[in-house]
Amino acid sequence: MAVFVKDKLFVLQTRNTSYAFFQDEEGILVHLYWGRKIADLQDFETVTMEGEQGFHPNIDKKREECSSYGMMRYKETSLKVTYADGVRDFRYRVKDWTAEGEHLKIVLEDICYPLRITLHYVVHEEEDIIEKWREAENLGQDNIQLEKIFSAEFTLPGEGYRSINCNGTWNDDFKPFEDTLCAGKKVYESLRGATAHVATPAFILHKNASEAAGEVYFGVLAYSGNFKVVAEQTPYDYLNVQIGISDTDFIWNLKGGERFITPCVYAGYSCRGLGGMSNLLHRFAHSCVMPQATKDKPLRVLYNSWEATTFDVECKKQMELAKKAAEAGAELFVVDDGWFGQRSSDHLGLGDWYVNPEKFPEGLKPLIDHVRALGMDFGIWIEPEMVNENSDLYRAHPDWIYRYQTREVLEGRNQYMLDLTNQKVIDFIIDFIDRLLSENEISYIKWDMNRALGECGCASLPPEEFKSIWLRHVQGFYTIIEELRRNHPDVEFEACASGGGRVDFGCMSRFDEFWTSDNTDPLDRLTIQETYSLLYPPKYMRAWITDAASNERRRVPLLFKAHCAMCGALGIGMNLNRINEADMELLKECVALYKELRPVVQFGRLTRLSTCRKGPVHALQYDKAGTAVLFVFLLLKERGKSIYNVKPANLEENARYRLTVDGKELIKSGAYLMYHGIDLQLEADFSSRCIRMDKVGSKDV
Ligand code: DGJ
């Protein structure tokens, strides 16, 4: 049992944590506790919350589970509604609650208007995660405007929390930021119509936690559109944290009899620092979020031709690349942007999803046959939500885009965004992808999205619905991908949005992997990957070995590049038509090694042994079933030092492990390896190592 209800007390118990709240004498749901497990429920029963009225309204002092705008609340609230007569507060009573298995539902109803808000809590006991979402139901006839309906609210006692999030842009994805929350509000938000690069839809809060120790509270939103995270340090000695669909420019008209369901939030508590948080989320992602049918399937090593050819895609050249890709050991050959319509640059062709007859005179078949004869599968790039002005699609349907009718339409990357609130557009997209997949032997799709949404108006909706377009677009996007997955269960789908603009738990349940960043410079990548890995699992982190960092800016050895890309789902993006023999040999070795290590990297536990943001040495470990894999990167060699000591983690002290270090085979105890560490001879900037440690007698992974 994971949900306990006694009188007005609600306690959610996971394996290692407790989450408790109660209904107070005024009928308000008030938070009591979140943290390390307190198994005895009786402990909570005696807890009372004191509140003196004074000059401040008591309600702001309450650590609410569902605060709503109005009454005498002046703090940030997680719900705001407007009834047809202009009344703008939700005064509730707890109407009912049910606890079925792991699922607790608490039904709140307005005391005089027909609005029901149900708070959902699902306890993932084994995974130590609590899932929360909300549902609104209009029980009457008149329209009710939902102006804000966040998915969840959390409160943490005290002050002085540190908050981690990102603040990136294209090519600079997952740029980490951390600061101490002082009085007032901290807001992370996307207003771009997608998750985008500017922040990640999550909260990570701690007080002096390190990688391996300390308390961390975290939550991730399973949503791929405009989101908002607000953390408000109240003057009442608690931090109020809210997360959900952004309320900036949002209104959902909830008509009589209709329901509205928010995306869910997966939240947790780790007393083992940031590393513990990542482990919990990665494990949960695998067991509960990733598509069940494909989550256990290892991702293939892919070759993607984008960096080699950009738009200059042409059958013969792709065939040559495919030959080399197969030689290197790739299992999947992917043709990126440029194969369709009149797509010779990013100015034209988007929307015209027919094979370009000049580039592929006999269609895709000869290339696909060639790729398959080489022993690889075939994959292809699409950007279904977009259209160029210079395209047959736009000429035929100029009213299929988002725009304000009275204004000139703005372009982003020279393209417009298709109106996914229009069923005809949805049908068009499903139809073209269905045909593409049915007529060709395609086993992988890279789904890209390269502009942000603006000008939220369209021809297919009345103006009073325009503020719902942000959300309707995401719903349309989800509808399409879900239908395609049902129709083509064997096809692997990658989510890309100018790199990592669609990395979120909403896409995770609908895709098999993320394109992490367009920045493939290995040094930049190490920080990008490290921050990505805080919340998102390595299996979903596509990483390519490319020709980046082989230029004036810096020259990084191929081995370092390969090791960096081997930390995720390996891909190759080099121009293999230009590769020299020695590099090809090294590439082959790395790909072959990766295939051996893949079960550990893609399905194992990740430990960030030392961050790439602090020291000269960055070390990561993946472990699973008696095998651990260490990746070590020397960023800058220090004067007078060439021996670097790295200490693995999570080994069994008394077990013995076999490993090869700088050409020498060693057998050492887990204790020796963890406490004494491994000495590595790293002689130059950008030296790197990949070391496999097998528990003696258990080599298979
Ligand atoms: C942006 C993606 O992130 C790239 O990998 C590539 O697919 C281009 N779009 C193609 O236009």
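What follows is a walk through the ligand site and then the cysteines of this structure. The model is predicted, so local features need pLDDT of at least 70 and side-chain atom pairs count only at pLDDT 80 or more, while totals for chains, interfaces and linings use all residues. Residues are numbered from 1 along each chain as its sequence is written, and side-chain values use heavy atoms, with hydrogens and water left out.

Start with the ligand. Around the ligand are 13 residues, each with a heavy atom within 4 Å of it. Asp336, Asp337, Lys446, Asp448 and Asp518 come nearest. The shell divides into 4 nonpolar, 3 polar and 6 charged residues, where Asp, Glu, Lys and Arg count as charged, Ala, Val, Leu, Ile, Met, Phe, Trp, Tyr, Cys and Pro as nonpolar, and the others, Gly among them, as polar.

Some side chains make polar contacts, pairs of N or O atoms within 3.5 Å. An N or O atom in the side chain of Asp448 is 2.7 Å from a nitrogen atom of the ligand. In the side chain of Trp381, such an atom is 3.1 Å from a ligand oxygen. A polar side-chain atom of Asn450 lies 3.3 Å from a ligand nitrogen. Taken alone the ligand exposes 290 Å², and the protein buries 98% of that (Shrake-Rupley method, 1.4 Å probe).

Now the cysteines. The structure holds 0 disulfides, a disulfide being a pair of cysteine sulfur atoms within 2.5 Å. The sulfur of Cys66 has its closest cysteine sulfur 16 Å away, in Cys264, which is too far for a bond. Cys564 is in no disulfide either, and the nearest cysteine sulfur, that of Cys567, is 6.1 Å away.

How values were computed: Polar contact = N/O pair within 3.5 Å; in protein donor to acceptor, adjacent residues only side chain to side chain.
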